[in-house]
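Hi,

Here is the structure I promised to pass on. Please have a look at it first, and then read on for what turned up.

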Amino acid sequence: MVEYLQRMARYNRWMNRKLFAKVAELPAADIAEDRDAFFGSILGTLNHIMVADLIWLHRIATSKTCHESLIPLADFPTPSLLRDILFNDFSDLSDARNQLDVLILEFSETWTQEMLAGMIHYRNMAGDTHEHPLGALLQHLFNHQTHHRGQATTLLFQAGIDPGPTDLLVMMMEEENV
């Protein structure tokens, strides 16, 4: 489980770098254009991924075993709604995404099997209390990212930009060739 989730943290970073580089090829108006997607625009979709990541990481940071590794979250906004637009400017979003991906990678280096089995207690957006193992929450976090990045790559393709290969196996092959 530790290796798998660390691989997913690397994939998150790898894929976000690729995706954000491709999005940067578009004019700002095209990035913000409402494309009738669930979160409207490419910018809205990428903001949503960031919002969800921050919500989950803030919840995880309440755990004694995770708190110290996630202290740098204090430098990020604390979203209150899943549709929050944290960054209207793509460049600002890109910078924040890069910083958050570095934090996630550094956090991943602290994971142990025992830590991943530990329960995280949190409240959802409706205020209901829940508890799940850290490993399950991280699986959800990475799955959620992949789901919405898939939407973003579709929007990007519709805007005339080919996002290129997005498969985990492509990243793994690149890692083998390093």
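Let me start with the aromatic residues: F107, W111 and F142 form a single aromatic cluster. For such pairs, the rings of Phe, Tyr and Trp (its six-membered ring) must have centres within 6.5 Å, and planes under 30 degrees apart are called stacked, over 60 edge-to-face and the rest tilted. Six aromatic pairs come out of a search of the whole structure. One of them joins W56 and Y122 edge-to-face, at 5.1 Å centre to centre and with 70 degrees between the planes. This pair links distant parts of the chain, as W56 sits in helix α3 and Y122 in strand β1, 66 residues apart. Both W56 and Y122 are buried (buried means under 20% relative accessible area, exposed over 50%, and partly exposed in between, with a 1.4 Å probe and protein chains only).

A word on the basis of all this. The model is predicted, so local features need pLDDT of at least 70 and side-chain atom pairs count only at pLDDT 80 or more, while totals for chains, interfaces and linings use all residues. Residues are numbered from 1 along each chain as its sequence is written, and side-chain values use heavy atoms, with hydrogens and water left out. Helices (H or I, at least four residues) and strands (E, at least two) are DSSP runs, numbered from the N terminus.

Next, the salt bridges, each being a side-chain nitrogen of Lys or Arg within 4 Å of a carboxyl oxygen of Asp or Glu. The count comes to five. Among them is R10 with E175, whose closest N and O atoms are 2.6 Å apart. R10 lies in helix α1 (residues 2–23) and E175 in helix α8 (residues 168–176), so this pair ties together parts that are 165 residues apart in sequence. R10 is partly exposed at 32% relative accessibility, and E175 is partly exposed at 31%.

R97 forms a salt bridge with D101, at 2.8 Å between the closest N and O atoms. The two are four residues apart in helix α5 (residues 90–108), which means that about one helical turn separates R97 and D101. R97 is buried, at 2%, and D101 is buried, also at 2%. A network of salt bridges links D53, R97 and D101.

On to the packing of helices. Helix α3 (residues 42–60) and helix α7 (residues 134–158) pack at an angle of about 175 degrees, with axes 9 Å apart. Axes here are lines fitted to C-alpha atoms, for helices over the stretch in contact, and angles run from 0 to 180 degrees between N-to-C directions. α3 and α7 are therefore roughly antiparallel to each other (under 35 degrees is roughly parallel, over 145 roughly antiparallel, 65 to 115 roughly perpendicular, and the rest oblique).

Strand β1 (residues 119–123) and strand β2 (residues 129–133) pair in the antiparallel sense over five bridges; pairing requires DSSP to find at least two bridges between two strands. M119 has P133 in β2 as its bridge partner. The two strands form a hairpin with five residues between them, and G127 in the turn has a positive phi of about 90 degrees.

Finally, which residue has a positive phi although it is not a glycine? That is D36, with a phi of about 60 degrees. D36 is in the loop between α2 (28–32) and α3, and counts as exposed at 74% relative accessibility.

Best wishes
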